[in-house]
Amino acid sequence: MHNLVLTGFMAVGKTTVGRIVARQLGRPFVDMATEIARRAGKSISHIFDVAGEAAFRRLEAAVCAELAGREGWVIATGGGALMDANNRACLMDSNTVVCLTATPKAVLQRVQSDLNDNGVERPLLAIPDPQAEIARLWDARREMYASVPWQVDTSDRSVEEVAAEVARLADVVTISVQHSEGVYPYHIGEGILKYIGGVLRSAGAPTGSRVAVVSNPVVAPLYVGEVEASLRRSGFYPVICTVPDGEAYKTLETVRSLYDQFLAGGLDRSSTVIAVGGGVTGDLAGFAAATFMRGVRFAQVPTSLLAMVDAAIGGKTGVDLPQGKNLVGAFWQPASVLADSTVLKTLPVEEWRSGMAEMLKHGVIGDAALFSALATGRYPSSQEIERAVRVKVSVVAKDPSETGRRMVLNLGHTVGHALERLSRYSLRHGEAVGIGMLAAARIAAAVGLADSSLSGQIEAALDACGLPYRCPPFPVEAIWEAMTHDKKRQGATLRWVLPHAIGEVAIVEEVPPKVVRSVLAEIGGVDEGV
Ligand SMILES: NC(=O)c1ccc[n+]([C@@H]2O[C@H](COP(=O)([O-])OP(=O)(O)OC[C@H]3O[C@@H](n4cnc5c(N)ncnc54)[C@H](O)[C@@H]3O)[C@@H](O)[C@H]2O)c1
C-alpha cells in the first residue's frame with residue numbers, strides 16, 4: 001500500500017491533520033520534523049542554531065529516503081522538504097502526495113499565534129522581520145507546491161473537515177504511462193473531478209492560461225460545472241466547447257467546429273484542451289488538440305467506462321471518414337488523465353456493458369484473474385477498473401506507436417469495426433468488439449491455436465455481462481468486404497489477433513479466408529453462398 005504524504009507551507013496543519021487522518025484510516029503516522037529531532041537527539045531549533053540549515057536539510061534528505069521505503073504510512077513533511085529534487089523523487093514517485101493550502105493572511109495569523117501562544121518551533125522565522133521572510137519563502141516555494149496535483153484548502157475550515165477530505169484522497173492511485181517522448185500520470189479514484197485544476201497545474205499548464213473544456217450535451221450538464229469551477233480556483237480561464245453526442249459526429253466537420261470555438265475563446269499556443277466525456281469526445285478533442293496551432297497541451301477526463309479503460313490511454317486520437325472508422329488521426333499524448341469512478345453512476349446501462357466488453361478484452365489479453373472476476377457479470381469495482389487500465393498501460397508502454405506488440409489491443413477489432421460500420425454505428429463499439437473477440441476465439445480454435453472451450457468461456461462471459469454474442473444478420477460477404485476494404489487499398493493483408501488461452505494472445509499474419517467466412521456464418525452472419 002502506498003504512503004499518504006502531506007506537504008504544504010508552514011502552519012497549514014500538516015501534523016495535526018496527518019495525525020487525525022492516520023487515526024481515521026488506521027494507519028501509522030510519522031511527522032518528519034519529530035523524526036529528524038529524534039534521530040539527531042536535538043531540537044530542530046538547536047540543529048538550525050548550531051549546525052545550520054544545510055545540516056538540517058541533510059538530515060531531512062536521509063529521513064525522506066527512509067520514509068519513502070515504508071508502506072501504508074501517513075507522513076507529514078516539513079514545509080520545505082519537497083524543494084529538493086531527490087526528496088521529491090523519493091516521496092512523489094509512488095505515493096499519494098496532498099498539498100494543504102491556506103491564504104497568506106491565514107498563514108500569517110496562524111504563525112503569529114504559534115509563535116506567541118503555542119510554543120511551536122519555527123527556526124526559519126527566528127529573525128527580526130518574520131512577515132517578510134514568510135513572503136520570501138512563499139514565493140520561493142509556490143511553484144513546488146503547485147506541482148502537487150491534490151490541493152486541499154484549509155482556510156476557514158475545521159481540521160476535521162480538512163482531515164476528512166484528505167482521507168478520501170488516500171485511495172487515489174496514480175499510474176505512470178510511458179510513451180516514446182516521456183511519461184504522463186493516469187490518476188484514478190473516487191470523487192476526484194474537483195481536483196482537475198490542480199492536476200492540470202501539476203502537469204505544467206501555466207496559471208492564467210486558457211483551457212478549452214470539450215464535452216457534449218449529455219455529459220456537460222452533469223460534470224462540466226465542477227470542472228469549470230476547479231479550473232477557475234486554480235487560476236485558469238475555462239472556455240466551454242461543445243461537440244454533438246454520438247459516433248456519427250466523430251468527423252472532420254466536428255473538429256472544424258472545435259477550431260472555431262477555440263479561436264472564438266481566445267486559445268493560443270499556451271492553452272490546454274481537456275476532453276470531458278466518452279471515447280468519442282476524447283478522440284475528437286485529442287485530434288483537435290494535436291492539430292490546432294500545430295499542437296497544444298491535452299488532458300483527458302474520461303467519463304465512460306470504455307474511455308477509462310481504453311480510449312483515454314495510449315495517445316491515439318482521430319476521426320472517422322464515410323469510408324471507415326478512425327481513418328484520420330494522430331498520436332497525441334495527454335499531459336494527464338483523471339478518471340473519477342463516481343461519474344460512472346450516470347452512465348446508461350448499455351454503455352456500462354460496452355465498457356465491460358473492453359474490460360473483458362483486457363482480461364483475455366493479459367489478466368486471466370480479471371477475466372474470471374468480470375465473467376460473473378457484476379459491475380466492476382474500482383480496483384478491477386484499475387487492473388484493466390494497467391493491462392493497457394503495460395502494452396502501450398512496450399510499443400507506444402503501434403508498430404508491433406500493441407496490435408494485441410486490437411483483439412476483436414477486425415470483425416468488430418466491420419460490424420460497427422455495417423450497423424451504421426447502432427451497434428456500440430464495445431458490443432461489436434465483444435462479438436469480434438468471440439469470432440477471434442473461434443478462428444483460433446479452427447486453425448488449431450486454441451482449445452474449442454475458449455470461445456465457450458468468452459461467450460459465457462459476454463452473456464453474463466448482458467452483451468450480444470451473435471453477429472447481426474449481415475451477409476458474410478458484406479462483413480468480409482468491410483474488413484478487407486481498407487487493407488486492400490493499403491495493399492496490406494489482414495493480420496489477426498487470436499487468443500491462445502485467457503490471458504494470452506498472439507498476432508497471426510494469415511488466416512485462410514474460408515475459415516473466417518465459416519466462423520462469421522457460425523456466429524450469425526448470413527452465408528448467401530457467394
Ligand atoms: N483512442 C483510442 O485508443 C480508442 C480506444 C477505444 C475506443 N476508442 C473510440 O471510443 C469511442 C467509443 O467510446 P465510448 O463507448 O465512450 O462512446 P461515447 O463517447 O459515444 O460515449 C457513450 C455514450 O455515453 C455518454 N456518456 C459518457 N459518459 C457518461 C456519463 N458519465 N454519464 C452519462 N452519460 C455518459 C456519451 O455522451 C455517449 O452518449 C469510439 O469512437 C472508439 O473508436 C478510441
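Start at the ligand. Select H10, helix H12 (279-291), helix H13 (305-311) and strand E13 (324-331): each of these supplies at least two residues of the shell around the ligand. Keep in mind that this is a predicted model.

**Stop 1: the ligand shell.** Now show the residues around the ligand. There are 27 of them, and the closest are Glu 247, Gly 279, Thr 303, Ser 304 and Thr 346. Zoom in on Gly 279. One of its backbone N or O atoms lies 2.8 Å from an oxygen atom of the ligand. Move to Thr 303. An N or O atom in its side chain is 2.7 Å from a nitrogen atom of the ligand. Then pick Thr 346, where a side-chain N or O atom is 2.7 Å from a nitrogen atom of the ligand. How much of the ligand's accessible area does the protein cover? On its own the ligand has 860 Å², and the protein covers 91% of that.

**Stop 2: the seven-stranded sheet.** Switch to a cartoon view. Seven strands form an open sheet, in the order E6-E7-E14-E11-E10-E8-E9, with mixed pairing. Which strands are at the edges? They are strand E6 (173-179) and strand E9 (237-242), each pairing on one side only. From one strand to the next, the twist averages 20 degrees.

Select strand E8, residues 210-215. It runs parallel to E9, and six bridges join the two. Look for Val 213 in this pair: it stands opposite Ile 240 in E9.

Then select helix H16, residues 382-398. H16 also packs on the sheet, touching E6 and strand E7 (182-189). Its direction makes about 20 degrees with that of E6.

**Stop 3: the five-stranded sheet.** Go to the open sheet with the order E2-E3-E1-E4-E5 and parallel pairing. Its edge strands are strand E2 (29-31) and strand E5 (150-153). Neighbouring strands here are turned by 25 degrees against each other on average, direction ignored.

Select strand E1, residues 4-8. Is E1 enclosed or open to the outside? Five of its five residues are buried, so the strand is largely enclosed by the rest of the structure. Colour by face to follow this. Leu 4, Leu 6 and Gly 8 lie on one side, Val 5 and Thr 7 on the other, and all are buried.

Step on from E4 to E5. The two run parallel, joined by four bridges. Val 98 has Trp 150 in E5 as its bridge partner. Now show helix H8, residues 159-169. H8 lies across E1, E4 and E5, at about 165 degrees to E5.

**Last stop: Ala 102.** Select Ala 102, in the loop between E4 and helix H6 (104-118). Ala 102 has 6% relative accessibility, so it counts as buried. Its contacts include Val 12, Trp 138 and Asp 153. Asp 153 is 51 residues away in sequence, yet the C-alpha atoms of Ala 102 and Asp 153 are 5.8 Å apart.

Terms used
Residues are numbered from 1 along each chain as its sequence is written. This is a predicted model: local features need pLDDT of at least 70, side-chain atom pairs count only at pLDDT 80 or more; totals for chains, interfaces and linings use all residues. Side-chain values use heavy atoms; hydrogens and water are left out. Two strands pair if DSSP finds at least two bridges between them. Axes are lines fitted to C-alpha atoms, for helices over the stretch in contact, and angles run from 0 to 180 degrees between N-to-C directions. Contact means heavy atoms within 4.5 Å. Buried means under 20% relative accessible area, exposed over 50%, partly exposed in between (1.4 Å probe, protein chains only). A residue is near a molecule or strand if one of its heavy atoms lies within 4 Å of it. A polar contact is a pair of N or O atoms within 3.5 Å; within protein, one must be able to donate a hydrogen and the other to accept it, and residues adjacent in sequence count only if both atoms are side-chain atoms. Accessible areas come from the Shrake-Rupley method with a 1.4 Å probe; for residues, only the protein chains shown count as cover. Lists of a residue's contacts leave out its neighbours within four places in sequence.
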